[in-house]
Amino acid sequence: MLLEHVHGYLFLFFEIINLIFMQSKIQHFINVNLNNHVDVNSNISLGDIVFYTFGGVEKFVPSPGNKFNMPIIWLASFVLFLFATLIYPVISFEGVGNEILLIGKKRFFWWISKCIFCIISSTIYLGLMFLTMIGFCFIKNIPLNLSINDTLIKFILEISPIIELKANANIPIRILFLILLAFITLSLIQLILCLWIKPIFSFLIVNTILIASAFFQSYFTIGNFSMLVRHAWINEEGINSDIGFYVFTIICVVIIIVGALRFKRYDILTREEN
């Protein structure tokens, strides 16, 4: 009985770690303002904190002396979530999960339930992240708007001086949903890969996608759609973030369909032996 709920405990454990990590980086964000004699309350908004978390890194152009800066905060936000939910596919192939899989008529609904789990867990995870940001803003009397202090963001994210961010910009509401869609899509990719390979390898592949996205600014490296500094609405050299909605939606639909078809021929007994 305990084994069936391990994934829930692990998700909670890693969520707590992530919230602690977020508290630390938000405090660092505040300290940078104070150390540079900037009025925190009037110059930092909720939008700055969101951008600090999901800003990512500017486009990397390989050249002598140009060092690549891995976007640790952006990457950690996804890695913690993916690792926290990694145990779920493993648990699902044991005990009751096996019995359901052996009953052909219930296989489709079993697969759909796993996809719904990815959607719900992504929503809860990101929702808790935003609630933490909002709660911190209340404590520090920081305005709850999505405006961006471009000068401060460039300093915090160590963005090159030659990169021009649009002044007085606001994070569009749709971008928050795009970030959620990114979490859902990456979670589904990790899930479906588990139908062919071991979960740990699935986890590593999805992380490779994220790292590749940091190195290459391209529509084909889907992690770019979740890095705000690479969006055209804030950076003229960025990508059209709206395309991300189509890309993520298509990937999710394909995964759900392919996963359902895969389950029709899925041999759970052979997998157990392996």
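**View 1. Confidence along the predicted chain.** Among the elements of the protein chain, helix H12 (residues 268–273) has the lowest mean pLDDT, 49, whereas helix H9 (residues 173–193) has the highest, 95; pLDDT is the predictor's confidence in each residue, from 0 to 100, and helices are DSSP runs of H or I with at least four residues, numbered from the N terminus. The chain as a whole averages a pLDDT of 81, and 77% of its residues score at least 70. This is a predicted model, in which local features need pLDDT of at least 70 and side-chain atom pairs count only at pLDDT 80 or more, while totals for chains, interfaces and linings use all residues. Residues are numbered from 1 along each chain as its sequence is written, and side-chain values use heavy atoms, with hydrogens and water left out.

**View 2. Surroundings of Leu-228.** Leaving aside neighbours within four places in sequence, Leu-228 is in contact (heavy atoms within 4.5 Å) with Val-50, Phe-51, Phe-54, Gly-55, Ile-171, Ile-175, Ile-179, Trp-233 and Ile-234.

**View 3. The largest pocket.** About 650 Å³ of space lies in this pocket, and of its 29 lining residues the closest to its centre are Val-57, Glu-58, Asn-69, Leu-157 and Glu-158. A pocket here is an open set of points on a 1 Å grid over the protein atoms alone, where a 1.4 Å probe fits, with protein on both sides within 12 Å along at least five of seven lines, and lining residues have an atom within 4 Å of a point. H4 provides the largest share of the lining, three residues.

How values were computed: Helix = DSSP H or I, 4+ residues; strand = E, 2+ residues; numbered from the N terminus. Points joined across faces, edges and corners; volume = space filled by probe spheres on them.
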